[in-house]
Amino acid sequence: MERSEIFEKIPAAVYRAVVEVSGEGVSVKEVDFLTRWVEKLTGWSAEEIKGDPEWCLKNVHPDDLEEFLKVCRGLSLDRGPATRVFRFKRKDGSYAYIRDTLIPVSSEGRKFEVVGVWEDATKEKELFDVFTALNFASGIGVLVYRDRIVYANRAAQEILGYPEEELKRRSVDQLVAYENKEWVREIIKRRLKGERFRSTYANVPVTTGDGRVKEVFAFSETIWWEGKPAGFILFVDVTKKSKFERMFGVLKDLSRIVSEVGDELELLKEVANLLVDKAKFRMVWVGIPEKGSITPLVVRGEVGDVPEGGKLSERAVKEGVIVINPDTRRNPKLKRWRDQMVRRKLLSSCAIPIMRGGKVVAVINIYSQTPNMFTEEEIEFLKEVQREISFAMERIGKEKHMKIVSTAVEKAHDWFLVTDEEGNILYVNRAVEEISGYSADELIGRKPSVFKSGYHTTEFYKRLWETVRAGKIFEAMFVNRRKDGEIFYLEQTIVPVKIGKGELRFVGIGRDVTSEKMLQEEVARLRYMDVVTHLPNREGFLASVETAIEREKDSTHVLMVIDLHNFASMNQFYGTKTGDEILRRVAQFLKSSLFRRDIVARVGADEFGILARNVGEKDITTLMEKILSLTKYPIKTGRETVLLTLNVGASVYPKDAETVTELFEKAYTALSFAKREGENTYRFFSSDINVMVTEYFKLRERLERAVEEDRFLLYLQPFYYTDTRKIAGFEALIRLRENGKVLTPKDFIFVLERTGLMRRVEDSLLDKIGRFAEGLEDSVCVSFNVSPKSFRDPSFLEKVESVARKTKGRLMLEITERLLVEEPDHARRFLSTVREAGVKVAIDDFGTGYSSLAYLETLPVDVLKIDMEFVHRMTESPKSLAIVETVISLARRLGMQTIAEGVETEEQLNLLRVLGCDMVQGFLLARPMEESQAKRLLV
């Protein structure tokens, strides 16, 4: 092969260049690469380079250019070759690391002729960067060793706890724990002989500079270092991970053991096995304190003479705390046992006292082959072991105690019954047989429901089972029935008991208190109960009211006293038997008319007391109306028919008084004023409430006359198409003609909705709407609102269907969001029915009540009415404008139309037109008007 061919195969680019140095300036006058290797390095051919002398300076990386020029400025024949490494831009735009060796061969003034060699240093630089990063990497240790460690990165120094100088004085086998040294030495020998193999090691114990033991996960490889075979180790600290996994496994198994084992000795044996087999401790022995010394009971692991541990066990028993021996080799208290313990590799230990009833009953001694094994993490683990075993010892002791007392239970006079988790009876003692009249054979396998008397509610038994199944004790007085049908009272406590593998038993312990209960009930009945009406008497009423108010201090309550007018005369005229029957009928009426939470009592010979609880002021009128309705219906008692008259006095808590006594006195004061005014009158102690209730009844009477006289009027307010201002329809409104004036709903709707008058008014209004709608064009409709009561009334739905048949699609029903969301199933059925009858559906005041829009997807809705509050604010509030715009957009996407209410200015109207609102309604366009005016608009 020719010399030129050999020259071309050298993986380097050889060149000749002429460089001129002038002060700080450097210029390349000529450059000629002599080999084609430059093209592989840079992508440029030798010919391209030769034609551009400044080619080199233009492509040196800007950050490396100064160093590049510095070497050029230092050229001298006397100094000989110079080497520099720089980044050079390839033709494709990427950079390569170039090692440039320059040899000056001649000079003429400041002009030098040089011969140079370019070599590709990219891989070398990359490997250098990787090694540098690895040297400073956090958490990844790196060691290189021969007979001694020759390199250790920072992480290795931190994990092993040695400075670099001290590590370099040690061999690798000196770092591993005692039991691993032999096989590590064998690995070292093989590697130093040059045998190449890779190995991975999990959980290798190593000893740190401060004597602690850590576990590492390591990768090992044979490499060459300074021309000789060496070992390379890459490792990470897995001490915490390994410890946590081991501790978790031990605690998991320990929980299983303590829940399953029912004997103390068996428990201690299982724990010792677990600590040796799973936790990997070298030896465990368990001792029992006896007469000032500790007797070994269980020994597992490195079996031999049991060391006293430098009195560790005695101290643990005496102080009741975990005692630690961190390092056997350095503990002066272990002088007697040190040689034997070190020989058996028992290099650290601890003693754990096990408690029962606040007393140490056993001590568990644990030995490790690793010095300083018991760090804070292990101590927390050992405390958890201590708690688990102590708990189990407590449980086992209690179970033994229960066995001891079982004989006494069987012969006791108290009720003792045991069931399984499903309530099946497993055991009854002799007292259960005697009290219930059932034999044990008749009860075993059945449920305690065999004793049910019907007295307790379903809620009572539900609460019972929820309590005991939650592991809590349930206590109550049970009213049960014997086999012969007789009632017996059992004062019973039901205790849930966990046994075995977490199974539950329910133990009922009771005492037959039938005789005592019957006597108590008779006394209570006589003391607190009225024997005629079976209601509480005055004393019982006051006690109940006091309890109720104490429990509900923040609520409003109304106390009323009802006096039956001339009741004494009725007794004389009809006889006491009829008089008692009247009292019972009144009691029955009051109980059935009021809420179940209210308290009703007979507080005098012809007086009844009522505490209406949690009452709003507006509800007081309804309450009084119910009581006064007692005077409307005659009472029939045998052959007699009696029409009652009465007076009512009332006071309000806490407005009038905050104590029961004052509340009662003020109600009586109000009653005395009511009596002065004649029969069937009432009086509240508070004058403002008295006025409110009086006004309510006066307005009700006026409304009843108005219904009879047909003085409720149909008013109509038109709504228009936004773009054309043509009438799209009318909203039906209600008005009342009263004394030459026309009243709006705010003056009477509250009373109307609380009476039975609302439906009559709505029916009349619907008839008028129907007649008006019959004369309209097909494109014009009439909308009307539905009240909550009518929404739930099937007969109202029939009325709407009847009117809809006559108007042929000209009706639109308006309903609030609240009714749709609160009763979605009923709303779906209701609206589907009216839609089938040809009635359109609109959502009134859309967006003011609920944020959920789910009903729009499922319910048949045609129109969304935008509440006037948003319309009024939209010209000033960006948020209100956004809401209006969103509602319009939403309706359009869902195929619905929109009506904006309360339009009062041209600015509002123009803005709604721009937003695309379909229809508008408001005072700007038209106010509510009578039917005749509305008809004229259509002409």
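This is a predicted model: local features need pLDDT of at least 70, side-chain atom pairs count only at pLDDT 80 or more; totals for chains, interfaces and linings use all residues.

Residues are numbered from 1 along each chain as its sequence is written, and side-chain values use heavy atoms, with hydrogens and water left out.

**Largest pocket**

- The largest pocket has a volume of about 1200 Å³, where a pocket is an open set of points on a 1 Å grid over the protein atoms alone at which a 1.4 Å probe fits, with protein on both sides within 12 Å along at least five of seven lines, and a volume is the space filled by probe spheres set on the points.
- Its lining (residues with an atom within 4 Å of a point) comprises 41 residues, of which Glu731, Leu733, Pro745, Asn785 and Asp844 are the closest to the centre.
- Helix α26 (757-774) and strand β33 (840-846) are among the elements that each supply at least two lining residues, and α26 gives the most, with 6; helices (H or I, at least four residues) and strands (E, at least two) are DSSP runs.
- The lining divides into 20 nonpolar, 8 polar and 13 charged residues, with Asp, Glu, Lys and Arg counted as charged, Ala, Val, Leu, Ile, Met, Phe, Trp, Tyr, Cys and Pro as nonpolar, and the others, Gly among them, as polar.

- Beyond its neighbours within four places in sequence, Val558 is in contact (heavy atoms within 4.5 Å) with residues including Ile610, Val652 and Phe684.

**Aromatic pairs**

- The count comes to 29 aromatic pairs, a pair being rings of Phe, Tyr and Trp (its six-membered ring) with centres within 6.5 Å, stacked if the planes are under 30 degrees apart, edge-to-face if over 60 and tilted otherwise.
- Phe664 and Tyr668 have ring centres 5.1 Å apart and planes at 85°, so this pair is edge-to-face.
- Phe664, at 5% relative accessibility, counts as buried, whereas Tyr668, at 21%, counts as partly exposed; buried means under 20% relative accessible area, exposed over 50% and partly exposed in between (1.4 Å probe, protein chains only).
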